Amino acid sequence: LHVLTIDGSSLIGLGNAKFIDSATFDVGGHGWCIIYFPNGDCADNADWISIFLTLLQNRPSVPVHQCRSK
């Protein structure tokens, strides 16, 4: 179990395409982290939050899936 807690809304002013990331954690023998963009990961997503689960090592060749929430 990995929990990323973000308290308050002080990150709202962080700016578009700026992020914070979690510590690396292991699942299934692979290193992962969560990357959080409070104001979107690009200009087209500036009114959204973006959260990515990122495989840091031993990357397989698989498609990437995204979901959006407002």
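Colleague: Let's start with a single side chain. Is Phe19 buried, partly exposed or exposed?
Modeller: Phe19 has a relative accessibility of 44%, so it counts as partly exposed. Bear in mind that this is a predicted model.

Colleague: How many aromatic pairs does the structure hold?
Modeller: There are two aromatic pairs in the structure. In one of them, the ring centres of Phe19 and Phe37 lie 5.4 Å apart with the planes at 50°, so that pair is tilted.

Colleague: Is Phe37 buried or exposed?
Modeller: Phe37 counts as buried, because its relative accessibility is 10% and the cut-off for buried is under 20%.

Colleague: What about the pair that Phe37 forms with Phe52, what are the distance and angle?
Modeller: That pair is edge-to-face, with 5.7 Å centre to centre and 80° between the planes. Phe37 in strand β3 and Phe52 in strand β4 are 15 residues apart, so to speak another link between distant parts of the chain.

Colleague: And how accessible is Phe52?
Modeller: Phe52 comes out at 21% relative accessibility, so it counts as partly exposed. Through the ring pairs, Phe19, Phe37 and Phe52 are linked into a cluster.

Colleague: Let's move to the fold. How many helices and strands are there?
Modeller: The chain has zero helices and four strands. Read from the N terminus, the order of elements is β-β-β-β.

Colleague: What lies between β2 and β3?
Modeller: Two residues lie between them, and the two strands form a hairpin. Gly28 is in the turn and has a positive phi of about 60°.

Colleague: Why is β3 described as largely enclosed?
Modeller: Strand β3 covers residues 30-37, and six of its eight residues are buried, so the rest of the structure largely encloses it.

Colleague: What share of the chain is buried?
Modeller: Of the 70 residues in the chain, 21% are buried. The chain exposes about 5,300 Å², and carbon and sulfur atoms supply 55% of that area.

Colleague: Last topic, confidence. What is the average pLDDT of the chain?
Modeller: The chain averages 77, and 73% of the residues score at least 70.

Colleague: Which elements have the lowest and highest mean pLDDT?
Modeller: Strand β1, residues 20-21, has the lowest mean among the elements, at 86. Strand β4, residues 50-55, has the highest, at 90.

Note on methods:
Residues are numbered from 1 along each chain as its sequence is written. Side-chain values use heavy atoms; hydrogens and water are left out. pLDDT is the predictor's confidence in each residue, from 0 to 100. Buried means under 20% relative accessible area, exposed over 50%, partly exposed in between (1.4 Å probe, protein chains only). Two strands pair if DSSP finds at least two bridges between them. Accessible areas come from the Shrake-Rupley method with a 1.4 Å probe; for residues, only the protein chains shown count as cover. Rings of Phe, Tyr and Trp (its six-membered ring) pair if their centres lie within 6.5 Å; planes under 30 degrees apart count as stacked, over 60 as edge-to-face and the rest as tilted.
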